[in-house]
Amino acid sequence: MNMRRALPVCAATLILGGCAASPYGTPPDTSDPWELVHSARAWLEKGRPRGALPSLHQAQRNLEGLDPQGREYRHLEAAIMNEYGRVYEMTSNLVQAEAALREADRISLSIPEIRPLALDITYNLSTVLERQNRPGESCEYLRRAHATIIDLGETPSPPPEGYGGHRQTFIDQTVMPRIEARANRIDCRL
């Protein structure tokens with residue numbers, strides 16, 4: 001078979017077979033906003049922030065069915081804004097990242113029982129502020145993240161808002177070393 005005929009056949013096979021993935025993530029076929037947030041997080045963990053956007057957009061649209069004054073709505077809204085902040089930070093759009101994370105922080109302060117999410121938000125906001133060369137403000141949020149870790153160690157959050165069975169290991173081996181490294185970089189006393 002010559003190459004001119006083989007190329008279209010191979011391309012059609014890959015596309016129809018599902019092997020040609022879109023560079024931007026297709027959200028899962030679900031109306032559950034939490035599944036969409038987790039899908040976005042998976043894209044971010046792969047270092048593909050633009051892949052997270054379709055899931056975040058869909059999760060935001062699915063908020064419409066919830067009571068805006070309800071705890072679940074605010075928790076989900078804070079989670080979505082946190083992930084948008086991560087997308088913007090990863091794409092170096094630090095002004096939008098800060099705005100999204102400050103909004104997530106404002107929302108999370110109204111729901112004290114979502115401490116693991118509040119930890120993520122304050123840590124992510126500290127990251128953005130450090131990248132903007134604002135060490136004083138970064139330190140303030142890093143201290144809040146550290147205080148939340150101490151609080152989580154004393155009174156763990158029950159699932160699904162906790163880190164599951166590996167929560168303490170994750171905090172000890174991943175989160176604390178990162179917080180301590182940042183504290184040293186920006187000369188922040190915890």
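Here are some notes on this predicted model, taken point by point.

1. **Confidence overall.** The protein has an average pLDDT of 84, and 81% of the residues score at least 70. Confidence is highest in helix α5 (residues 94-109), with a mean of 97, and lowest in helix α1 (residues 3-17), with a mean of 42.

2. **Where to read with care.** Residues 5-21 have a pLDDT below 50, and beyond near neighbours in sequence this stretch makes 4 contacts in the model.

3. **Helix α4.** This helix runs over residues 71-90. At 1.5 Å a residue, its 20 residues should span 28 Å, and the end C-alpha atoms are 29 Å apart, which agrees. Of those 20 residues, 14 are buried, so α4 is largely enclosed by the rest of the structure. Just after α4 comes S92, which takes a positive phi of about 60°.

4. **D105 and R144.** The count of salt bridges comes to 12. One of them joins the side chains of D105 and R144, with 2.6 Å from N to O. D105 sits in helix α5 and R144 in helix α7 (residues 135-154), so this pair ties together parts that are 39 residues apart in sequence. How accessible is D105? Its relative accessibility is 5%, so D105 counts as buried. R144, at 27%, counts as partly exposed.

5. **D151 and R115.** Another salt bridge pairs D151 with R115, and their closest N and O atoms are 2.8 Å apart. The two belong to distant parts of the chain, with D151 in helix α7 and R115 in helix α6 (residues 115-131), 36 residues apart.

6. **E130 and R185.** Helix α6 takes part again through E130, which forms a salt bridge with R185; the closest N and O atoms lie 2.7 Å apart. Because E130 is in α6 and R185 is in helix α8 (residues 167-185), the pair ties together parts that are 55 residues apart in sequence. R185 is exposed, with a relative accessible area of 53%, over the 50% cut-off.

7. **A salt-bridge network.** Have a look at E98, R102, R134 and E137 too: these residues are linked in a network of salt bridges. As background, side chains of opposite charge can pair when their charged atoms come close.

8. **The disulfide.** Which cysteines form a disulfide? They are C139 and C188, whose sulfur atoms are 1.9 Å apart, and the count of disulfides comes to 1. C139 lies in helix α7 and C188 in the segment after α8, so the bond ties together parts that are 49 residues apart in sequence. The torsion about the S-S bond is about 70°, so the disulfide is right-handed. Both ends count as buried: C139 has a relative accessibility of 6%, and C188 has 8%.

Technical notes. Residues are numbered from 1 along each chain as its sequence is written. This is a predicted model: local features need pLDDT of at least 70, side-chain atom pairs count only at pLDDT 80 or more; totals for chains, interfaces and linings use all residues. Side-chain values use heavy atoms; hydrogens and water are left out. pLDDT is the predictor's confidence in each residue, from 0 to 100. Helices (H or I, at least four residues) and strands (E, at least two) are DSSP runs, numbered from the N terminus. Contact means heavy atoms within 4.5 Å. The expected span of a helix is 1.5 Å times one less than its number of residues. Buried means under 20% relative accessible area, exposed over 50%, partly exposed in between (1.4 Å probe, protein chains only). A salt bridge is a side-chain nitrogen of Lys or Arg within 4 Å of a carboxyl oxygen of Asp or Glu. A disulfide is a pair of cysteine sulfur atoms within 2.5 Å.
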